[in-house]
Amino acid sequence: MSRFLKVVCECGENAIVFGDSKRAVNCRKCKKPLLKPRGGRARIYCRIVEVLS
Ligand SMILES: [Zn+2]
C-alpha cells in the first residue's frame, strides 16, 4: 500500500517521504539517506514518526 511517512533523521530534521518511492531520498540537512528504493517497497533508514494516509 502506498503511504506517505513522516520520518525524522538522526540529525533531528523531519521529512515527508513516499513509502513506495522509486527514488532515493536524502536528508535536506545532513544528506544521509533516509530512504532507498528496493523494487517495490522502499527501505527506510530513519525513524518513522507517523504514517500519513
Ligand atoms: Zn539528517
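Predicted model: local features only at pLDDT ≥ 70, side-chain atom pairs only at ≥ 80, totals over all residues.
Local features need pLDDT of at least 70 and side-chain atom pairs count only at pLDDT 80 or more, while totals for chains, interfaces and linings use all residues. Residues are numbered from 1 along each chain as its sequence is written, and side-chain values use heavy atoms, without hydrogens and water.

The zinc ion has the protein donors Cys9 (SG), Cys11 (SG), Cys27 (SG) and Cys30 (SG), at 2.2 to 2.4 Å. Donors are N, O and S atoms within 2.8 Å of the metal (3.2 Å for Na, K and Ca); water is not among the atoms, so sites may look incomplete. The four donor atoms subtend angles of 104 to 116° around the ion, so the arrangement is tetrahedral (four donors, all angles between 85 and 135 degrees). Their residues follow the spacing C-x1-C-x15-C-x2-C. Cysteine 9 lies in the loop between β1 (4–8) and β2 (14–18), and cysteine 27 in the loop between β3 (25–26) and β4 (33–36), so the pair ties together parts 18 residues apart in sequence. Strands are DSSP runs (E, at least two residues), numbered from the N terminus.

Both cysteine 9 and cysteine 27 are buried (under 20% relative accessible area; exposed is over 50%, partly exposed in between; 1.4 Å probe, protein chains only). Cysteine 11 is partly exposed, at 33% relative accessibility. Cysteine 46 is in no disulfide; the nearest cysteine sulfur, that of cysteine 9, is 6.7 Å away. A disulfide is a pair of cysteine sulfur atoms within 2.5 Å. The structure holds zero disulfides.

An open sheet of three strands runs in the order β3-β4-β5, with antiparallel pairing (at least two DSSP bridges between two strands).

Technical notes. Tetrahedral: all angles 85-135°; square planar, octahedral: opposite > 155°, others 65-115°. Helix = DSSP H or I, 4+ residues; strand = E, 2+ residues; numbered from the N terminus.
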